[in-house]
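Q: Could we go through this model together? I would like to begin with the sheets and then move on to helices and loops.

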Amino acid sequence: MSCGNPEGAVEGEEKEEVLMPTSRPVRRVDKAICNRCKKAKTSFIFRQGAYCSPCYEISLRSRFIRQLHPPLRPGAVKSTLTLYRPVVQSGQALIAVSGGAGSVAMLDMLMSRGYISRSDGAATNRTKGQKEAVWDKATVVYVEFASVTGRDERTEDIRKLSEDRGLGFIGLKVEDVYDAGLVSWLGGSERNADTSGVKVNFQQPNLPVSQEPTTSNTTPVERLQSLLASLPPASRPSLLSHILDHLLTLAALTLPNVSQLLLGETATRLAQRVISGTALGRGWTLPLELSNSFTLPDSQIVRMKPMKEISVKEAALWCRIHGLETVNYRGWDDVGPKGKEGRAKGGAASLEALTEQFIAGLSTTHPSTVSTINRTGDKLVFPGDTSGPICPLCEMPTEPDAMRWKARTALTSLTDPHSSLGSPTIAGIHTGDSTHDNFAPTLCYACLTTLSGGATDRTTGDGMVNLPPWVGQRVSTSQRMVAREQMREEIADFLLATEEE
Amino acid sequence: MAPSPCSLCHTARALVKRPKTGQQVCKSCFYSVFETEVHNTITEGQGIFHRGEKVAIGASGGKDSTVLAHVLTLLNQRYDYGLDLYLLSIDEGITGYRDDSLETVKQNQVEYGLPLKILSYNELYGWTMDRIVEQVGRKNNCTFCGVFRRQALDRGAAQLGIDHIVTGHNADDMAETVLMNIMRGDIARLGRSMALTTQSEDTIKRSKPFKYAYEKEIVMYAYFKKLTYFSTECIYAPDAYRGHARVFLKDLEAIRPSAIIDIIHSGETFVLEQSVQKGLKEMQTCLRCGYISSNDLCKACALLEGLEAGLDRSALKQGQSTLSVVPEGHRIIPRFERPVPIAVEGIERAVQSLAL
């Protein structure tokens, strides 16, 4: 590092020199001895801290419970949040396990510390220091992506991992998003109309949708592969991420009596999410995505991320110590046919993969990169209303006026270039238009960017591609939903004052 | 292969692929969309200017400020903003770097008929960057330059009675700043850096009309309009942390060209916790030179004191302890005087036009 920031230099909003703070001089300590207990021989050195094996585990566990306990004890005084074990939860825990280090370590920590009752029915013996379980029951959910990534299936491995620990197991496949019977299979009842035949035309900028009879000769895998192939390679990981989120949410909402959905997202993955989410234009809803305590829409189920203070490397080391097998490569960057689109120097085809490489590279020279990024992410708050319109694809709140913003800043047509501000349009989408047959106006800023450029040369035939049924359902709901502006217009004559007044 | 028609006018032959949207457009339509987007930025909300305002264009002779001077002059005439435009340049005193680029600024002065003011570090602080680097070395010299330049621009503007400074910060710079601020956890700047116009209580208003203009499109505009400019890559610029962010941004752009504008969009929608906003320091004026500062002594005065004391890099750590007494023989920065807040000439002109 050659430059640092001037200390206390906040008198201007912009400085030419905005550089990484130089690292403080490292205190010279004997790294051969554990820095924590000062007795045992060092086994691991992480970010300038030397640990023996037991102290390393204690360090990880304390960071784990610091994130696990608060959402389970919402009313507790802050100082006592992590000290005491939460009371037994009313529902069961749904633990999402991908087979990566984060989720496997999370599962192991939950089980080894007795957070979940074992199915052997053994009673807790408090006189022997055993602590009462927080969940009486838990189920592991795994989503298999092998059909699109071409990698080996791991469903049976994860099933074994779960059943060995006496947990229930639900194995889903990514193509199940096209399976009309999925909800019934999970134990729920189908309440919505069949929307498996909703198709979108990627050749038109407005992304028009139409309801067509489902062709019986295409399998769910073929439909998913066709959807992925019609998108630019850079957009495919985003779509897969939304599918994963949807399947996990669906499982949580459908399985009986789920009270918490636990994700093993590590600090490293969250830092990647902060940067790639920003680059995808997802800044507005980013605080919701990063939250460790997010209540799923229309339910009381809380989505938690108790691994958010533990890096993937630390989790991987935990798994190694405990002899747990993990696979940490998603392979989402290589899904679908290769396009002519640009790739970064390292060969990454998506913003997510590039960010992953970038953060991993930067962390070697700046070890605090991940924690610094996450600290920034933690300071963000969601300014909107979660009860407002929802994006059909990512199922997050849509940001008001985002399309108008894009239309002003990146013109793609000009009615009158010399007028002060014609009718702002973006890629042919009329922002003031309430066309009800189009998919584009219902999408959030980031999802529209994801689906835009679903290039004509990738789609075949009539260019129509099957949307996953949940998206079709959301589109038809949002088309029926009356906008607040429209309501206001109808009652404008009777309003005496604005709401703010 | 038959030439593609322009995606906007559908008649002329497409000549360029717009880096921002990927559309193939003709030269004339490219000018139109580029200029209209800048105009949209300027007129957003209540607009960043008001009639009769005296506006200084921070001109370095590089591509951004050269194109900004051209476009702003053009838009001022086309849309009748009624602005009094000036060129304001800062001479940091870097031999073989700034002296060449200032020639471009002088050329702009003649071409657009805009008054030019050049203010040098030597004149203001009694130091040139060459001498500063000689004393403090190449490491951290950018800190001195950045702090001094900001003040110099405000002081130059104050001398001209300017109400508003516009700078050539482009979309790439903005996106890079967002990424930088996230990566180094600078919450305070993350919130402030995205504003189109900034003004503290006692500083001159600053705006970035090129906030949404891609760097590549600025170069493209200069190329087709045959505008000449100098490379402003400073000879003392180190391979700093910002370099990592810039390379990363270029890679993001290679994968998805809209990433730059998407990052800016994210940056604009970020809302920080109340506690973070409250934790920011209150602004005051420097007790020595009268410039806006978060401490009793502004950073420029503190740095200058370190330089005058003959310190090397440790001048950066100059604290607030020696505040009350200026050591004997040390040069100090002249007192900062704010311009008269009302644009008198603008009002006079408005009255005259009414009389006519």
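A: Two strands are taken to pair if DSSP finds at least two bridges between them. Please also keep in mind that this is a predicted model.

Q: Understood. In what order do the six strands of the open sheet in chain A run, and how do they pair?
A: The order is S5-S4-S3-S8-S10-S9 in chain A, and the pairing is mixed.

Q: Which strands stand at the edges there?
A: Strand S5 (168-173) and S9 of chain A do. Each has a single partner strand, so one side of each is left without a neighbour in the sheet.

Q: And S8 with S10 in chain A: parallel or antiparallel?
A: Strand S8 (residues 258-263) of chain A and S10(A) run parallel and are joined by three bridges. Within this pair, Gln260(A) stands opposite Val302(A) of S10(A).

Q: Which strands does helix H2 of chain A lie across?
A: Helix H2 (residues 101-112) of chain A lies across strand S3 (92-96), strand S4 (138-144) and S8 of chain A. Its direction is at about 150 degrees to S3(A). Helix H4 (residues 155-163) of chain A also packs on the sheet, where it touches S4 and S5 of chain A. The direction of H4(A) makes about 165 degrees with that of S5(A).

Q: What about the three-strand sheet in chain A; what is its order?
A: That open sheet has the order S7-S6-S14 in chain A, with antiparallel pairing. Strand S7 (209-211) and strand S14 (464-466) of chain A are at its edges, and each has a single partner strand, so one side of each lacks a neighbour in the sheet. From one strand to the next, the twist averages 35 degrees.

Q: How many bridges link S6 and S7 of chain A?
A: Strand S6 (residues 198-201) of chain A pairs with S7(A) over three bridges, in the antiparallel sense. Lys199(A) is the residue opposite Ser210(A) of S7(A).

Q: Changing topic: how many helices and strands does chain A have?
A: Chain A has 16 helices and 14 strands. Of its 501 residues, 52% count as buried. Among contacts in chain A between residues at least 6 apart in sequence, 68% join residues at least 24 apart.

Q: How many residues of helix H8 in chain A are buried?
A: Twelve of the 13 residues of H8(A) are buried, which leaves the helix mostly covered. Among them are Leu270(A), Arg273(A), Val274(A) and Ile275(A). Helix H8 (residues 267-279) of chain A reaches 18 Å from its first C-alpha to its last, close to the 18 Å expected at 1.5 Å a residue. Just after H8(A), Gly281(A) takes a positive phi of about 85 degrees.

Q: And H13 of chain A, how many of its residues are buried?
A: Helix H13 (residues 402-409) of chain A is mostly covered as well, with seven of its eight residues buried. The buried residues include Trp405(A), Lys406(A) and Arg408(A).

Q: Which phi does Glu395(A) have, and is that residue buried or exposed?
A: Glu395(A) has a positive phi of about 60 degrees although it is not a glycine. The residue is in the loop between strand S11 (380-381) and H13 of chain A. Glu395(A) counts as buried because its relative accessibility is 17%, and the cut-off is under 20%.

Q: What about Asp401(A), buried or exposed?
A: Asp401(A), found in the loop between S11 and H13 of chain A, counts as exposed at 59% relative accessibility. Its phi is positive, about 65 degrees, although Asp401(A) is not a glycine.

Q: Where does Gln300(A) lie?
A: Gln300(A) lies in the loop between strand S9 (294-295) and strand S10 (302-304) of chain A. At 71% relative accessibility, Gln300(A) counts as exposed. Leaving aside neighbours within four places in sequence, Gln300(A) is in contact with Ser259(A) and Thr295(A). The C-alpha atoms of Gln300(A) and Val258(A) are separated by 9.0 Å, and these residues are 42 apart along the chain.

Q: Finally, chain B: at what angle do H1 and H2 pack?
A: Helix H1 (residues 27-43) of chain B and helix H2 (residues 63-78) of chain B pack at about 75 degrees, with their axes 11 Å apart. That angle makes H1(B) roughly perpendicular to H2(B). Residues making the contact include Phe34(B), Val38(B) and Ile42(B) of H1(B), and Val71(B), Leu75(B) and Arg78(B) of H2(B). The contact residues divide into eight nonpolar, one polar and two charged.

Technical notes. Residues numbered from 1 in each chain as written. Chains lettered and ligands numbered in written order. Predicted model: local features only at pLDDT ≥ 70, side-chain atom pairs only at ≥ 80, totals over all residues. Heavy atoms only, no water. Axes fitted to C-alpha atoms, helices over the stretch in contact; angles between N-to-C directions. Helix = DSSP H or I, 4+ residues; strand = E, 2+ residues; numbered from the N terminus. Parallel < 35°, antiparallel > 145°, perpendicular 65-115°, else oblique. Contact = heavy atoms within 4.5 Å. Nonpolar A, V, L, I, M, F, W, Y, C, P; charged D, E, K, R; others polar. Expected span 1.5 Å × (residues − 1). Buried < 20%, exposed > 50% of the residue type's maximum accessible area, 1.4 Å probe, protein only.
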